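This report is for a reader new to the structure below. It begins with a question and then takes one topic at a time.

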Amino acid sequence: MNPARRAGIFARLKALNPKPTTELEYRTPFELLVAVILSAQATDRSVNLATRELFAVANSPAAIAALGEEGLGEYVRTIGLYRSKAKHIVQTCAILLAEHGGEVPRTREALERLPGVGRKTANVVLNVAFGEPVIAVDTHIFRVANRTGLATGRTPLEVERRLMRFVPPQYLHDCHHWLILHGRYICKAPRPECWRCPIADLCDYRPKTPAPAPRATAPRTTASRTTAPRTPRAGRS
Ligand code: SF4
């Protein structure tokens with residue numbers, strides 16, 4: 001894909017959504033870190049439902065460490081893989097307290113040393129909490145980048161490196177959310193909805209998915225249009 005088309009895609013996504021952001025609910029970098037760890041292979045909605053109750057009672061490393069794995073598990077048990085996520089979060093809280101003064105570190109290296117935090121989670125925290133122009137390549141971004149031709153690659157890291165190289169600098173910070181939202185709601189996994197896609201003419205994917213045929217409606221019959229005569233109710237004698 002040439003640079004003009006790439007820039008055109010981001011100009012359009014920006015015009016439609018000038019200030020994209022995460023759908024995870026959070027108020028502090030620590031809440032975001034916990035929410036992102038919980039969101040692996042889970043929907044943002046399920047995470048928000050759990051964290052609304054959790055953060056109301058414990059939203060700091062000390063408070064969650066005090067809950068312990070069992071206590072935390074009670075709040076997050078509706079989320080997939082909750083036991084291992086609870087374990088990682090409690091271990092992460094201990095490290096934040098022991099090594100970072102209870103704060104979330106601002107470097108990728110320090111973030112990636114926390115249990116349950118890989119490159120993708122670290123990138124989300126750096127981008128969303130600290131405003132760094134980095135891209136966390138999740139399943140949506142991986143698919144959209146490859147389908148459109150924005151940045152092709154066999155692994156998330158390959159796609160991330162190409163996006164970092166090819167996305168115009170003014171779009172780098174928000175690229176992450178534009179592509180996630182585009183993949184989540186339009187360029188969907190099993191069947192991209194090309195007929196209603198705002199960047200269809202700039203995207204390399206072929207063949208485009210056509211609009212679904214309008215549903216056939218059964219012709220109305222004469223009988224259905226007329227009202228059956230009402231039977232007079234029998235009067236009391
Ligand atoms: S045209 Fe289709 S494949 Fe291309 S980005 Fe839009 S929905 Fe995805």
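What share of the contacts in the protein with a separation of 6 or more comes from residues 24 or more positions apart? Such residues account for 57% of these contacts, two residues being in contact if their C-beta atoms, placed from the backbone, lie within 7 Å.

## Basis

This is a predicted model, in which local features need pLDDT of at least 70, side-chain atom pairs count only at pLDDT 80 or more, and totals for chains, interfaces and linings use all residues. Residues are numbered from 1 along each chain as its sequence is written.

## Overall form

The protein has eleven helices and zero strands. Helices (H or I, at least four residues) and strands (E, at least two) are DSSP runs, numbered from the N terminus.

The radius of gyration, taken over C-alpha atoms, is 25 Å. For a compact globule of 237 residues the value would be near 18 Å, by the rule of 2.2 Å times the number of residues to the power 0.38. Along the principal axes, the C-alpha atoms fill a box of roughly 90 × 65 × 30 Å.

## Helices H8 and H10

Helix H8 (residues 139-148) packs against helix H10 (residues 172-185) at about 85 degrees, with axes 8 Å apart. Axes are lines fitted to C-alpha atoms, for helices over the stretch in contact, and angles run from 0 to 180 degrees between N-to-C directions. The two helices are therefore roughly perpendicular (65 to 115 degrees).

Residues meeting there include His140 and Val144 in H8 and Leu179 and Arg184 in H10.

## Around the ligand

Of the 13 residues around the ligand, Cys187, Cys194, Cys197, Cys203 and Tyr205 come nearest; a residue is near if its C-beta atom, placed from the backbone, lies within 6 Å.

Definitions and conventions:
Parallel < 35°, antiparallel > 145°, perpendicular 65-115°, else oblique.
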